[in-house]
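Dear colleague,

Please read the notes with the model open beside them.

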Amino acid sequence: MMTCKEYSKLLSESMEHQLPLGQRAAVFLHGAMCTPCKGYKRTLAMVRQVSRELADDEGASLSEEARERIRKALADLT
Ligand SMILES: [Zn+2]
């Protein structure tokens, strides 16, 4: 079983590019069995969602202050 640290690293890698099958299986298993990491996975998905929205045209209507606040919140999470 991989450690939570390895899991978090591989999870973010898996969002950037396709992992080898063995690693994907290990990530899947750990994510299914480890409660803290389930929460982490949800947080990461949320962060990515917010980042995408910020990159959208809609995000462009956010005030500079709101963007800064979100950037800080995201930096705290990672
Ligand atoms: Zn874990």
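Helices α1 and α3 are roughly parallel to each other, a label given to angles under 35 degrees, with over 145 counting as roughly antiparallel, 65 to 115 as roughly perpendicular and the rest as oblique. This is a predicted model, in which local features need pLDDT of at least 70 and side-chain atom pairs count only at pLDDT 80 or more, while totals for chains, interfaces and linings use all residues. Residues are numbered from 1 along each chain as its sequence is written. The helices (H or I, at least four residues) are DSSP runs numbered from the N terminus, as are strands (E, at least two).

The axes of α1 (residues 4-16) and α3 come within 11 Å and cross at roughly 30 degrees, where axes are lines fitted to C-alpha atoms, for helices over the stretch in contact, and angles run from 0 to 180 degrees between N-to-C directions. The contact (C-beta atoms, placed from the backbone, within 7 Å) is made by Cys4, Tyr7, Ser8, Leu11, Ser12 and Met15 of α1 and by Pro36, Cys37, Tyr40, Lys41, Leu44 and Arg48 of α3.

Proline 36, found in helix α3, is 32 residues from cysteine 4 in sequence and 8.5 Å from cysteine 4 in space, C-alpha to C-alpha. Proline 36 is exposed, with 10 other C-beta atoms within 10 Å; a residue is exposed if 12 or fewer other C-beta atoms, placed from the backbone, lie within 10 Å of its own, buried if 20 or more do, and partly exposed in between.

Helix α3 (residues 35-55) also meets α4 (residues 64-77), the axes coming within 11 Å and crossing at roughly 155 degrees. These two helices are therefore roughly antiparallel to each other, and α3 passes α4 in a left-handed crossing. The contact is made by Thr43, Val47, Val50 and Leu54 of α3 and Arg67, Ile70, Leu74 and Leu77 of α4.

Of the 21 residues of α3, the number buried is zero, so α3 lies largely in the open.

Lastly, alanine 32 lies in helix α2 (residues 21-33) and counts as exposed, with 9 C-beta neighbours inside 10 Å.

With best wishes

Conventions: Left-handed = near helix turned anticlockwise from the far one by under 90°. Contact = placed C-beta atoms within 7 Å.
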